[in-house]
Amino acid sequence: MTGWVTDVHPTREELDACVHCGLCLPHCPTFRLTGNEAASPRGRITAMRAVNDGVLSVDEDFEEMLGFCLGCRACEAVCPGLVPYGRLFEGARAEIAAQRPTLVSSLRRRVLGRVLPTRRLVETGSGVVRILQKMRRLLPGAVGARLDGLRDLSDNPPSSLGRVAEPEGKPVATVGLLAGCVMDSWFGAVHHASIDLLRRAGYRVIVPRGQTCCGALAAHDGAAADAKRLAEVNRSAFAGVDIVVADAAGCSAHLADYRHWVDGGIDAETKDITVVIAEAIADGRLPTLEGDDPVVYQDPCHLRHAQRVTEEPRTIVRASGHRVTEIDPDGICCGAAGIYSVLRPRAAGELGTRKADQVRATGLTTVVSANPGCEMQLRTHLGDSYRVIHPVELYRERLLAESV
Amino acid sequence: MTLFDELVAVTDPERVTDRPFDLHLHSADAGLRTGEATVVVFAETTEEVCDVVRLAARHGVPLVARGAGTGLAAGAVPTEGGIVLTLTRMNTISDIDPVNRTAWVGPGVINLDLSRATAPFDLHFAPDPSSQQACTIGGNIANNSGGPHCLSEGSTVNHILAIEMVMADGEVVILGGAAPDPIGLDLRGVVVGSEGTLGIVIRALVKLTPDPPEVRTMLCAFPTVEGAAAAVSGIIAAGVVPAALEMMDQGMLVAVENWLHAGFPTESAAALIAEVHCAPEAADAEVDVIREVAEQEGATEVRVARDEAERALIWKGRKSAFGAIAQTAPNYYLHDTVVPRTRLVETISEMYRIADDADLTMMNVFHAGDGNLHPLIAFDATEPGMADKVHAAADEMVAACVARGGVLSGEHGIGAEKRDLMGTVFTELDLDAQARLKHVFDPDRVLNPRKILPAGSRCFDYGGSPLPEGTWI
Ligand SMILES: Cc1cc2nc3c(=O)[nH]c(=O)nc-3n(C[C@H](O)[C@H](O)[C@H](O)COP(=O)(O)OP(=O)(O)OC[C@H]3O[C@@H](n4cnc5c(N)ncnc54)[C@H](O)[C@@H]3O)c2cc1C
Ligand code: SF4
Ligand code: SF4
């Protein structure tokens with residue numbers, strides 16, 4: 001038995017936190033789909049423990065078990081034993097990368113660890129996507145469908161990198177905004193809304209040029225060395241700011257866990273944009289608007305489960321003059337899960353369909369979600385008669401409409 | 001054909017596995033004991049279950065039914081090897097009848113999902129084990145599971161009207177029916193609690209209970225465990241039978257609070273959770289009685305949940321308690337004994353004394369109203385000699401309960417874990433009668449063999465030794 005080979009492997013102490021009570025099982029999307037212990041959080045943890053104890057090795061089955069996991073961390077949020085599943089998952093994925101590399105998976109990790117963090121390459125890629133979007137009707141179904149979740153890239157506003165926005169009075173604090181890998185080129189409007197709202201809330205906002213991709217996708221896929229390198233770059237790029245803010249739930253969750261990748265983590269508070277804006281609304285630094293139009297709110301796993309942030313985005317939706325309609329008491333993953341929807345189309349499709357059905361059952365056509373992955377997945381499964389939008393965009397839209 | 005190939009032939013290649021990881025993961029439940037599965041099958045239909053049972057019988061290999069694997073007594077652990085038959089995929093709820101308050105439910109339906117499905121009709125399934133978010137109806141039936149609210153509503157056996165079951169020969173029978181008192185021998189009570197040793201439950205007609213008109217949930221903090229225990233019998237003696245009456249000691253309160261941040265009184269030695277279900281006019285009076293008794297027994301704080309959110313939080317804390325142990329130690333071992341309510345105070349003191357003497361960490365969280373104790377020893381199984389020390393103390397605790405007129409298991413079942421303690425509460429004659437019953441249902445001992453009944457339970461194969469083989473007393 002080979003055991004572990006990397007320095008980020010799941011540790012005995014982390015694994016010992018699980019008393020295999022099974023309370024996490026029904027919260028796990030893959031267990032819900034299969035009813036199989038091997039597709040459950042407890043099963044995955046027990047499998048890691050078996051490797052740790054030298055009973056079994058990192059083999060094909062171990063790889064499949066962890067490959068099927070969405071990394072949604074629903075199990076972590078409900079675990080009364082405080083098992084750090086997200087960390088265990090990244091450690092186990094890194095082991096798989098180290099012990100069972102294949103041509104395809106190594107290439108994929110290279111893309112996540114090297115290409116996505118390279119701005120020039122992302123811009124070139126986005127140019128190609130823009131052209132493909134224009135020829136959408138000529139493309140074969142499967143390829144075309146991949147594009148349906150995206151926003152129309154020709155509407156994407158100019159890059160926010162390098163911007164500095166000053167508030168009217170004395171700044172409450174300085175916020176460093178994470179531009180992300182594809183957020184800037186694909187969801188640029190979210191950055192624009194975030195920067196404007198932060199400024200209005202009294203923050204000085206900077207979008208440092210020296211920053212890079214947060215490294216979440218690399219970390220989830222086991223590209224540990226890249227994840228460490230990216231975390232170090234961002235640690236220096238954001239030196240001196242008071243709060244590092246990300247407006248994609250996946251990124252803010254990863255920033256919050258930077259201590260797993262770089263000593264001491266990032267040297268500032270890290271927060272999701274929805275938390276900062278909700279605080280400003282609660283303090284009266286941003287207004288609460290009148291209105292009661294119902295919209296659906298969808299919890300991104302990396303807010304709800306990884307960061308336990310559920311109230312803040314709802315506060316923003318309410319303050320924008322809308323009523324929140326709930327769809328899923330358990331917040332089961334929509335199946336997007338980073339690149340999961342590409343790697344595991346079947347499971348992702350089942351979860352996406354389930355989520356879309358829940359939305360359709362409400363009869364409403366606007367869905368608010370604070371993560372780009374969820375947004376694309378929802379749009380793919382709902383079609384273009386639905387509007388999927390980030391809470392800060394919804395709020396700013398109303399704010400501007402009111403002030404006219 | 002090998003057993004594996006035959007299983008594939010009657011089910012689906014994707015639902016039969018003997019891969020090492022799959023076998024390893026299906027060889028344990030939520031307890032400590034492990035076994036060694038030979039093959040794991042996921043059934044989806046009645047026909048498949050019948051075929052699998054027949055194959056097991058023909059090949060002479062044990063067949064162990066498995067629900068969610070939250071059992072604590074190794075009921076679903078393949079201690080003798082063989083087929084683990086997982087029933088989680090048979091999870092259909094059909095024929096919800098709001099007028100007669102019944103529904104047909106597959107064995108793999110999760111307990112809480114059933115109550116959620118019937119919520120639109122203001123009905124719920126009353127047995128609510130603390131594991132209800134995860135455990136299945138099949139497991140509940142097999143273990144005759146209880147829960148906090150079984151104090152007023154009774155355990156699973158009181159809520160099962162009919163059971164559709166595959167017998168050891170692969171035939172399907174329906175026991176009981178929609179009528180409250182079926183004609184002929186009522187075998188439901190035999191099957192509920194039989195832990196998968198008499199047949200495989202494939203469907204059940206369950207009784208649904210109307211949601212209470214008024215609910216009040218109280219949290220009372222006590223400076224001593226004995227005070228809390230005295231309040232338990234005091235409340236009931238005062239003429240109030242709360243819907244639920246649960247106790248958590250300080251160790252548990254701290255662990256749960258660390259995770260949930262719900263405002264549990266972590267400074268107190270113990271807390272009681274009391275819930276009353278009644279007509280709106282009666283609620284205040286019942287709350288007052290409980291408050292009065294609690295204060296007489298020294299309660300330092302009596303809190304009534306202000307709204308549904310606060311109430312839900314209190315229950316979430318209570319029901320997650322076992323899992324929260326993980327913060328203290330990687331393993332826990334617990335018993336599930338029941339003592340007469342009037343002897344609760346002395347029994348609890350005795351539990352702490354035993355743990356103290358053995359220098360072990362013990363916490364308590366239990367269904368106090370029923371006198372159903374869960375003294376829970378937290379430890380690290382990798383420490384040399386630890387497991388033996390824990391078992392010795394645990395056995396002493398059982399003996400202390402039995403000596404006070406208690407029984408072995410309130411709700412978790414006997415399985416393999418408590419099997420060898422059966423002799424402490426049953427005579428040879430009792431065990432023989434139970435073994436004969438098992439023989440009628442399963443003469444070839446295919447279904448979950450060597451569970452519940454210690455080896456040699458039948459008089460004619462009794463070796464004369466009062467301590468059956470494999471005993472770790
Ligand atoms: C945190 C925690 C809290 C708990 N709280 C309580 C509590 O408050 N009250 C309580 O009573 N228990 C409690 N338990 C114990 C456990 O949850 C219950 O015994 C539960 O009913 C087991 O259900 P399961 O689906 O997990 O069954 P499993 O563990 O999978 O199986 C249990 C037994 O049922 C048999 N079985 C399963 N399905 C079938 C079937 N279809 N036909 C025949 N036999 C079958 C198995 O062979 C086994 O013997 C708790 C456990 C945990 C981990
Ligand atoms: S991860 Fe947590 S909830 Fe899940 S089995 Fe382990 S201790 Fe229980
Ligand atoms: S991260 Fe999500 S998919 Fe993975 S084990 Fe946890 S709940 Fe299941």
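This report looks at the interface of chain A and chain B and at one helix pair in chain B.

## About the model

This is a predicted model, in which local features need pLDDT of at least 70 and side-chain atom pairs count only at pLDDT 80 or more, while totals for chains, interfaces and linings use all residues. Residues are numbered from 1 along each chain as its sequence is written, chains are lettered from A, and side-chain values use heavy atoms, with hydrogens and water left out.

## Where the chains meet

Let's start with the interface: 42 residues of chain A are in contact (heavy atoms within 4.5 Å) with 40 residues of chain B. About 3,000 Å² is buried between the two chains, with 58% given by carbon and sulfur atoms; buried area is the accessible area (1.4 Å probe) that two parts lose on being put together, summed over both. In chain A, the residues that lose the most area to chain B are A:Val19, A:Leu23 and A:Pro80, together 19% of what that side buries.

## Salt bridges

The rule finds five salt bridges across the interface of chain A and chain B, each a side-chain nitrogen of Lys or Arg within 4 Å of a carboxyl oxygen of Asp or Glu. B:Asp380 pairs in this way with A:Arg12, their closest N and O atoms being 3.8 Å apart.

## A helix pair in chain B

Now to chain B, where residues 225-237 make up helix 8 and residues 280-296 helix 10; helices are DSSP runs (H or I, at least four residues), numbered from the N terminus. In this pair, B:Ala231, B:Gly234 and B:Ile235 of helix 8 meet B:Ile290, B:Val293 and B:Ala294 of helix 10.

Key: Axes are lines fitted to C-alpha atoms, for helices over the stretch in contact, and angles run from 0 to 180 degrees between N-to-C directions. Helices (H or I, at least four residues) and strands (E, at least two) are DSSP runs, numbered from the N terminus.
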